[in-house]
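This report goes through a protein chain and its ligand. Please keep the sequence and the structure open while reading.

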Amino acid sequence: MSLSVDISEYAYLKDRLSAGRFIHASQQISAGTEILSVEDPLICIPDEAHLDTCCHFCMAEESGESSSVNQAYKPPAKLSFCLGCRVVKYCSKACQTWDWKRKNHKYECDIYKAQYPRVLPTAARVMLRMAKHFLNETPSAKVFGGIGGLKAHVEDFQKAGGERWEMGNLTAKATAEFSKGSKAVNFEPDFMRDLYCKLLINSVTVTTQTFDPIGICLTYQAAMFNHSCDPNAIMLFDGRRLSVRSLKDIAKDTEITISYIDNLMTRKERKRELSSRYFFDCKCSLCSTKTQPFEASSCHKCSKLVPYTSNSCPSCQEAVPEDDLTSAIAQAAAITEKREKKNADKSVDTTLKYIKSLYATNLLPSTYPPNPQLHQDLAMSYIDAGDWKSALLHLLTLYVRAYPVIYEKPFHPVRVVRTFTLAMVLIQVAVDAPEGFGERIDFTKVLYGLLTEISGNVEKSHGSSSGFAEMVRRKIQDVKVDMGIDSNQETDKWAGKGLGGIPELEGEVKKIIKMVDDFVLDLKKAV
Ligand SMILES: C[S@@+](CC[C@H](N)C(=O)[O-])C[C@H]1O[C@@H](n2cnc3c(N)ncnc32)[C@H](O)[C@@H]1O
């Protein structure tokens, strides 16, 4: 039996008893289209770390620590505690009223108050909301089978056992106990445990515009998307608004997929994570073909990329030293494993040690996992420490060597956001060291080039009415004023072009590439 339900003008839900539910394109969709927009997700709340800094309804932020460079251009919200529980905060009376009436804070406020000053863990807070929604399901929820119809994999969780299963049972017992304190809800531990499993399978992480995690969201529409390691769509947040945008052209009646995991992993690592977290064996196009862009090695003689399956360099024909490559790959996998551990050492010193040791193999390029993540983490640590030059070198390496491979499309939202971070760091470097460094790059020109690249892609990546697009527009205006760029100047011809597509910037781009080459060479030598 097959039941099709429309979920947006671009997509419909197919329900096949054998294969679960998944989303299909109801028409031809061009790359960069907003396929789905959920203005008011069923559940969308800050995680524990952000209860104090995010509005409990609209997710507006009071301050942002992790992405201070980007946050600086967004006016912070002023938050006040709910005077009932003193646990959650709101940016306005309107948000508080909505959350109270529509989103059920009315029912949880007394539970939170009873626990104060202890704060319930994020999972417990979401489960209480899920339980409450279960009782009051609307006709639209029933289209998706409601909370009861969400995939739970309870038996798989039980079979896998371990800390996650123990945690589920513990949280379920505690939440059932807390619900006794409420006049309105009272749930059994087994029911709560099933909700915990549903939460792990179906919820998504709410992020800021710059992809920093701040909360957790559960919504039926998003829970219907299946996974692919080579997805044709991506999920984004703008406050509490969730959207799904196409990354490629999608033909009518083909499946629309998103990625559940960080795709910057090897096939083995992706498969391991998907099977342990979501209980399926991924057979997506990327997992079932031999083309593995992230697993290309680099030629030890000419440094060009060598495809996963080749045993010689396509550029200089040098043979791949198989044994050395196998041991380099094992070294990369061991580092990934160490970093996945609880309380892993992610200090700058250790991360630098890892990245240097991987470059020193002379076989793993900037795109090979976990190199992109190591560069990104180092850049963020340097930004937090105000070491702009070091941050810039890591971000430029990603921009030049990694993004064109790992986020192939220039309008990939992550690529656009990361390029924006690069532009913001460049401003800081220009302020700190106006004389420049290294090859004396013309910061003003490069910065303006980066911003025009971003503004040319933002409509497809985020949509022109998104908060991110607004932030980019404001920044471009600021830069024009600060740097004395007048609208009629030459630079306006660059609008929408990428840094690499502007003839006037050819010289600067060459200098940047040389700077990155020298930087990577230093990393290789410095072990
Ligand atoms: C968030 S749900 C997606 C909707 C789900 N198909 C349903 O019927 O409700 C996640 C679950 O869907 C299934 N799933 C998602 N992507 C899949 C894929 N590529 N291959 C097989 N199963 C997949 C897995 O059971 C996974 O735990």
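Which residues in α4 and α7 meet?

## α4 against α7

On the α4 side they are Ala123, Ala124, Met127, Leu128 and Ala131, and on the α7 side Thr171, Ala174, Thr175 and Ser179. Sorted by class, this contact of α4 with α7 has six nonpolar, three polar and no charged residues. The model is a predicted one.

The axes of α4 and α7 come within 10 Å and cross at roughly 60°. The two helices are therefore oblique to each other. Their crossing is right-handed.

## α7 against α8

Helix α7, residues 162–180, also crosses α8: the two axes come within 8 Å, at an angle of roughly 130°. α7 and α8 are therefore oblique to each other, and the crossing is right-handed.

In α7, the residues of this contact are Gly168, Asn169, Thr171, Ala172, Lys173, Thr175 and Ala176. They meet Pro189, Met192, Arg193, Tyr196 and Cys197 in α8. The contact of α7 with α8 divides into six nonpolar, four polar and two charged residues. Thr171 and Thr175 of α7 take part here, and both are also among the residues that meet α4.

## α15 against α16

Helix α15 covers residues 388–406 and helix α16 covers residues 413–432; their axes come within 9 Å and cross at roughly 145°. The crossing of α15 with α16 is left-handed.

From α15, the contact takes in Trp388, Lys389, Ala391, Leu392, Leu395, Leu396, Leu398, Tyr399 and Tyr403. Their partners in α16 are Arg415, Arg418, Thr419, Thr421, Leu422, Val425, Leu426, Gln428, Val429 and Asp432. By class, the residues of the contact of α15 with α16 are twelve nonpolar, three polar and four charged.

## Around the ligand

Which residues come nearest to the ligand? Of the 16 residues around the ligand, they are Gly20, Arg21, Asn226, Tyr278 and Phe280. Two or more residues of the shell come from each of β3 (20–25), α8 (189–202) and β10 (226–227). β3 gives the most, with three residues.

The shell around the ligand is made up of nine nonpolar, five polar and two charged residues.

## Backbone exceptions

Most peptide bonds are trans, and most residues other than glycine have a negative phi. Where does the chain depart from this?

A cis peptide bond joins Tyr116 and Pro117, with omega about 10°. Pro117 is found in the loop between α3 (105–115) and α4 (122–135). Another cis peptide bond joins Pro369 and Pro370, with omega about 5°; Pro370 sits in the loop between α13 (348–360) and α14 (371–384). Met59 is not a glycine, yet has a positive phi of about 70°. Met59 lies in the loop between β5 (43–46) and α1 (68–71).

## The chain as a whole

How many helices and strands does the protein chain have? There are 19 helices and 15 strands. For 527 residues the globule rule gives a radius of gyration of 24 Å, and the protein chain has 24 Å, so the chain is as compact as a globular protein of that length. Taken along the principal axes, the C-alpha atoms of the protein chain fill a box of roughly 70 × 55 × 50 Å.

Definitions and conventions. Residues are numbered from 1 along each chain as its sequence is written. This is a predicted model: local features need pLDDT of at least 70, side-chain atom pairs count only at pLDDT 80 or more; totals for chains, interfaces and linings use all residues. A residue is near a molecule or strand if its C-beta atom, placed from the backbone, lies within 6 Å of it. Helices (H or I, at least four residues) and strands (E, at least two) are DSSP runs, numbered from the N terminus. Ala, Val, Leu, Ile, Met, Phe, Trp, Tyr, Cys and Pro count as nonpolar, Asp, Glu, Lys and Arg as charged, and the others, Gly among them, as polar. Axes are lines fitted to C-alpha atoms, for helices over the stretch in contact, and angles run from 0 to 180 degrees between N-to-C directions. Angles under 35 degrees count as roughly parallel, over 145 as roughly antiparallel, 65 to 115 as roughly perpendicular and the rest as oblique. A crossing is left-handed if the near helix is turned anticlockwise from the far one by less than a right angle, and right-handed if clockwise. Two residues are in contact if their C-beta atoms, placed from the backbone, lie within 7 Å. The radius of gyration is taken over C-alpha atoms; the globule rule is 2.2 Å times the number of residues to the power 0.38.
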